[in-house]
Amino acid sequence: MHGRLKVRTTAEQQEIKRKERAEKVKKFQAGLHRVFQKRDAGELDAEALQITAQLLAGNPDVSTLWNYRRAVLQHYIDTKSEDEVQAACVEELDFLESCLRVNPKSYGVWHHRAWTLSGAPRPDWTRELQLCDKFLEYDERNFHCWDHRRFVVKCSGVSAEAELEFTDTKISTNFSNYSSWYYRSKLLPIVHPATDGSGRVAEAELLKEFQLVQNAFFTDPNDQSAWFYHRWLLGKGEQRLALDCIHISRDPCRASVRLTKPVKLGHDHVSLSISVDGKPVEDCRWKNATRGSDYGMLWTYDVPRGTLTERGEHVITAELSSGDNDDDDKRLSLSCTLPADRGECKMAMRTSFCRSRMTAAKTETLTDELESCKQLDELEPNNKWALLTIVLLMRALDPLGREAETLDYLSQLSEVDPYRGNYYRDLGSKFIMENVLEQQQHLEDKVALKDKGLTALYYTEYLATVSELNLASNKLTNVSQCCHLQCVTKLILDDNELESCVGLGQLPLLVELSLQNNKLSTVDAVAPLSTCPRLERLDLRGNPMASDCAVVESVRAALPQVRELLLV
Amino acid sequence: MANLPSVLFLEKHINYIAAYENKKDDYEYVMTEYLRMSGIYWGITAMDLMHQLDMMDKVQIIAFVKQCQHKCGGISSSENHDPHLLYTLSAVQILCTYDALDTIDADLVVDYVKGLQQPDGSFVGDKWGEVDTRFSFCALACLALLHRLEAIDVNKAVQHILACRNFDGGFGTRPGSESHAGQIYCCVGALAIVGRLHEVDADLLGWWLCERQLPSGGLNGRPEKLPDVCYSWWVLSSLTIIGRLHWIDKVQVLSTFLQTSHWSKGMMCTYKLVLLSSRSQGMQMNRYE
């Protein structure tokens, strides 16, 4: 019986609600109709403000109503006395505050508030900042309010120092406040800029931040905020555009240039030219080695025959010019000498793939940090944030010496935090490549990256001059980054997990390719290879396609240049 | 998962969307008039994904879109409302779906969008001056669909988006604003449209995005927030655009969706689910939270 009674009550309640809603709809539609009538008649008056206020109080997302209010207020600003306008604006701000109390996350309300303040003759910025304080007390993550605060700060000239202090207060009240930590990342480089112009934070202050953030993650080791901030503290400044490497070969007659970041040549005021023995080569047609993008770090140019002699010595210079205008024009150049009787030459700048050199003070701080994180790991076993931060600190302190330890921690992370297993594996692959490249600044022609557990390929631009590359026995599922292997003649990709050869097309010098024991099953999977003009030997043994006669025949037809196709 | 009644579930959604237009006196219908154009876009896209586009009244929808174009070229959410970039994009998307772009004056749309770009490259949503990277996305997507990107200063638009990039690799509403999954979708999407994805630090951003997945399997939109189907869409689509979708656990995402929304069949369902639940979850381009 109790149940039945309850059902009946619910039905009654539903009916009451239905009626209420029907009434609301009627009122809302009537109000809206009246507003549109007035607006279309050009009536910009107090009644307009009154009706729209009633409608907006419950439905702050109807932007057309805010627009009408702005039209009325703008009319006041244009026609009324300063005091009258001020009074109207104050009234408007009061109304908006009442709207915010009901819905503190309405885009429309916050925008209208900023608009009103911008039009008010005497905006009270102090009171406005207090309003922000108040709403951030209700909800310290309300990004609308944070944005409004930044608007108020900008309009009223509050200093970055004062705002930094505000974040101090916020963070000391509650460490778990991503919004505050984020705001610090914006303020610190302004208040304490690094002297090297990198846009980062001065070292003395940076080291103090490490202390602050350490307190935070010891207080609540499972809160993401402090850990994200910590990783930012460990970061580097942005890479500047520069020439990184030039490579010249006689056969094919070609120049290759690598830059420190991707550009679109001929656009954004970036251009690249070369000269041979001091004589500029006219009309260089650069080709981007990166497929599927207009932007790239690696550019090649097929030098017209006759520009280089068959045997003689040549000095080749690449010149990069960039800059938004003539005043800011930057020119950089890099030269290399092609000795007589040699087929190729290259000149590369020293690139740091791991961490740059650190001061003693920073090394000491980071060493302390590492100790603290290890303690935390003992107190809170399997805390993934502590584990990942240990990895990052080891990378910063001694990337080569601690490689094995780092990789152990990453595999522990994959177990502790399986949702992100692929992230940790890819990160490990990146670190491995960084270490390989750091150790082999002047890469040998033959590079072996066999059985490294690689799940992703990073930095292949830096393998552009390698002629033999062995990537066998990894866990690669994608080799699209191989498009940068512009000098490779022999490539081994046995025992990976490839389902497609995308990325292996258009490799101009590739002669021998081994793809044993992958997951290639269709003609389409190997179709990109048809654009490798010199490909002679292709090993497809152990792939699903090898046992399908029809597929094999179509592969032969699709790749006529291959003389030796191994299937069984 | 295999046992879930996916066909029945889809039918319910199909019927719900198909019937929606006939409930013009419903509270929900009236109260969402201010975003009608986007609602139609979500509805027909969901129907299209379920191969049921024919169930929608094409003629009526196209006539409605035409009616909503204003003299300035901009398009409003419905009749009597003011034009805005949000609804201009939805309208263009609807007409692309129906291959009916000639319904509206596309040149005027281009003029309207162009007129909303500011000297710093940003876009305001309408003449009242609200700046937001959502509007950068709307502008670039709209012009890309009309094949008229050359009408604006794309470089400056990109520079503005990059000025909104943050310490976590994400993007915010304006320069100085905190990262947010919805905003990240807009910025990453906009950069993808103009071929500038290399400006994104995909590993840093991908890490932040994959950390949105919570123990329940669902995803949130910012650190230390609750999971939500709507945010799941922004996060998953952003991860897809930067090639890092494999950094989250797809099986867990799907099983969460199934629990909350009786769901099945592959990742494309994510899109459907978000679109289908747009009304109940409050997924609106102009109200993420």
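I am working from a predicted model, in which local features need pLDDT of at least 70 and side-chain atom pairs count only at pLDDT 80 or more, while totals for chains, interfaces and linings use all residues. Residues are numbered from 1 along each chain as its sequence is written, chains are lettered from A and ligands numbered from 1 in the order in which they are written, and side-chain values use heavy atoms, with hydrogens and water left out.

**Entry 1: sheets of chain A**

I looked up the five-stranded sheet of chain A, which is open, has the order 5-6-2-1-9 and is paired antiparallel. Strand 5 (287-288) and strand 9 (344-348) of chain A are its edges, and each has a single partner strand, so one side of each is left without a neighbour in the sheet. I then followed strand 1 (residues 243-249) of chain A, which runs antiparallel to strand 9 of chain A and is joined to that strand by five bridges; A:Ile246, for one, has A:Met347 in strand 9 as its bridge partner.

I found another open sheet in chain A, built of four strands in the order 4-3-7-8, again with antiparallel pairing. Here the edges are strand 4 (279-280) and strand 8 (330-338) of chain A, each with a single partner strand, so one side of each is left without a neighbour in the sheet. Strand 3 (residues 271-276) and strand 4 of chain A run antiparallel and are joined by two bridges, and I noted A:Pro280 in strand 4 as the bridge partner of A:Ser275.

I also checked the record: UniProt, in an unreviewed entry, lists residues 244-312 of chain A as "domain: Rab geranylgeranyltransferase alpha subunit insert-domain", and I keep in mind that such annotations may be inferred rather than shown by experiment, that feature names are shortened, and that positions are given in the numbering used here. In the model this span is 0% helix and 48% strand, and its end C-alpha atoms lie 25 Å apart.

**Entry 2: backbone points to inspect**

Most residues other than glycine have a negative phi, and most peptide bonds are trans.

**Entry 3: where chain A meets chain B**

I took contact to mean heavy atoms within 4.5 Å, and on that basis 54 residues of chain A and 57 residues of chain B take part. For buried area I used the accessible area (1.4 Å probe) that two parts lose on being put together, summed over both; chain A and chain B bury about 5300 Å² between them, with 53% of it on carbon and sulfur atoms. A:Asp61, A:Tyr107 and A:Tyr419 supply 15% of the area that chain A buries against chain B, more than any other three residues.

For salt bridges I required a side-chain nitrogen of Lys or Arg within 4 Å of a carboxyl oxygen of Asp or Glu, and the rule finds eight across the interface of chain A and chain B. One such pair is B:Glu211 and A:Lys384, whose side chains meet at 2.6 Å, N to O. On the side of chain A that touches chain B, at least two residues each come from helices including helix 1 (2-40), helix 13 (384-397) and helix 15 (421-439); helix 1 gives the most, with nine residues.

**Entry 4: a salt bridge within chain A**

Over all chains the salt-bridge count comes to 51. I picked out A:Arg127 and A:Glu97, whose side chains meet at 2.9 Å, N to O. A:Arg127 lies in helix 6 (residues 125-138) and A:Glu97 in helix 4 (residues 82-102) of chain A, so the pair ties together parts that are 30 residues apart in sequence.

Conventions. Pairing = 2+ DSSP bridges.
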